[in-house]
Amino acid sequence: MAKARPRSPEGIDTYVGHKLRQVRTSAGMSQTDLANELGITFQQIQKYEKGTNRISVSRLYRIAKLLGVSFDFFVDGFEGNSLKSRATPQQQRLEEMLTNKSTMKLAMYYQLLDNNLQQNILSIMKEMVGDP
């Protein structure tokens with residue numbers, strides 16, 4: 001009997017893993033936090049996010065519930081081995097911002113400030129970088 005060849009990630013596995021990382025980081029949840037909620041190791045979450053390991057439907061459903069997204073969120077935009085529609089540069093930039101830890105922390109801290117202080121900070125930032 002021939003040995004099974006090691007499985008390499010398929011397009012959908014990588015895509016779902018990317019979406020998992022996106023929603024997990026935007027929710028401010030660490031890999032360890034999510035792993036603890038699921039009763040698995042953070043290394044397993046890493047493998048899911050890389051697409052190395054497939055996520056079972058029941059586990060993906062549970063992850064969706066934990067992270068407050070629809071089950072469809074993880075597969076929306078995927079068709080065959082490619083995206084149905086390519087993201088615009090603005091959409092790509094927004095996605096990058098939503099998966100950046102520093103950006104998420106900044107947004108969380110910003111929301112804790114009173115409205116006057118938020119407006120002052122916005123004015124300072126606009127002066128520093130210009131108003132796009």
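**Aromatic pairs, salt bridges and surface of a predicted model**

Both phenylalanine 73 and phenylalanine 74 are buried. The structure described here is a predicted model. Phenylalanine 74 has a relative accessible area of 0%. Its place is in the loop between α4 and β1. The rings of phenylalanine 73 and phenylalanine 74 have their centres 5.4 Å apart. Their planes stand at 80°, so this pair is edge-to-face. A pair with planes over 60 degrees apart counts as edge-to-face.

Phenylalanine 74 also touches residues beyond its sequence neighbours. With neighbours within four places set aside, its contacts are Tyr15, Val16, Lys19, Leu20, Val23, Leu60, Ile63, Ala64 and Val69. One of these, alanine 64, is 10 residues from phenylalanine 74 in sequence. In space, the two C-alpha atoms are 8.3 Å apart. Another of these contacts, lysine 19, also meets the ring of phenylalanine 73. Lysine 19 lies over the face of that ring, 4.2 Å from its centre.

The protein chain as a whole contains 7 helices and 2 strands. Along the sequence, these elements follow the pattern α-α-α-α-β-β-α-α-α. The chain has 132 residues, and 25% of them count as buried. Contacts between residues at least 6 apart in sequence were also examined. Of these, 60% join residues at least 24 apart. The accessible surface comes to about 9800 Å². Carbon and sulfur atoms account for 53% of that surface.

A search of the whole structure gives 3 aromatic pairs. One of them joins tyrosine 61 and phenylalanine 71. The distance is 6.4 Å from centre to centre, and the angle between the planes is 45°. This pair is tilted. Tyrosine 61 belongs to helix α4, residues 57–67. Phenylalanine 71 belongs to the loop between α4 and β1, with β1 at 78–79. The pair therefore ties together parts that are 10 residues apart in sequence.

Aspartate 13 forms a salt bridge with arginine 54. The closest N and O atoms of this pair are 3.3 Å apart. Aspartate 13 is in helix α1, while arginine 54 is in the loop between α3 (42–50) and α4. The two residues are 41 residues apart, and their pair links distant parts of the chain. Aspartate 13 has 11% relative accessibility. Buried means under 20%, so aspartate 13 counts as buried. Arginine 54, at 42% relative accessibility, counts as partly exposed.

Arginine 24 forms a salt bridge with glutamate 49. Here the closest N and O atoms are 2.5 Å apart. This pair also links distant parts of the chain. Arginine 24 is in helix α1 and glutamate 49 in helix α3, 25 residues apart. Both arginine 24 and glutamate 49 are buried.

Glycine 11 has a relative accessible area of 28%, so it is partly exposed. Glutamate 79 is placed in strand β1. At 52% relative accessible area, glutamate 79 is exposed.

The surface also carries a nonpolar patch, formed by Ile124, Met128 and Val129. Together, these residues have about 360 Å² of accessible area. Isoleucine 124 is in helix α7, which covers residues 115–129. With 49% relative accessibility, isoleucine 124 counts as partly exposed. Exposed means over 50%, so isoleucine 124 falls under that limit.

Notes
Residues numbered from 1 in each chain as written. Predicted model: local features only at pLDDT ≥ 70, side-chain atom pairs only at ≥ 80, totals over all residues. Heavy atoms only, no water. Helix = DSSP H or I, 4+ residues; strand = E, 2+ residues; numbered from the N terminus. Buried < 20%, exposed > 50% of the residue type's maximum accessible area, 1.4 Å probe, protein only. Contact = heavy atoms within 4.5 Å. Areas by Shrake-Rupley, 256 points an atom, 1.4 Å probe, with all protein chains shown as cover. Patch = residues over 30% accessible without salt bridge, like charges linked within 9 Å, V, L, I, M, F, W, Y side chains within 5 Å. Salt bridge = Lys/Arg side-chain N within 4 Å of Asp/Glu carboxyl O. Phe/Tyr/Trp six-rings, centres within 6.5 Å; stacked < 30°, edge-to-face > 60°. Lys NZ or Arg CZ within 6 Å of the ring centre and 35° of its normal.
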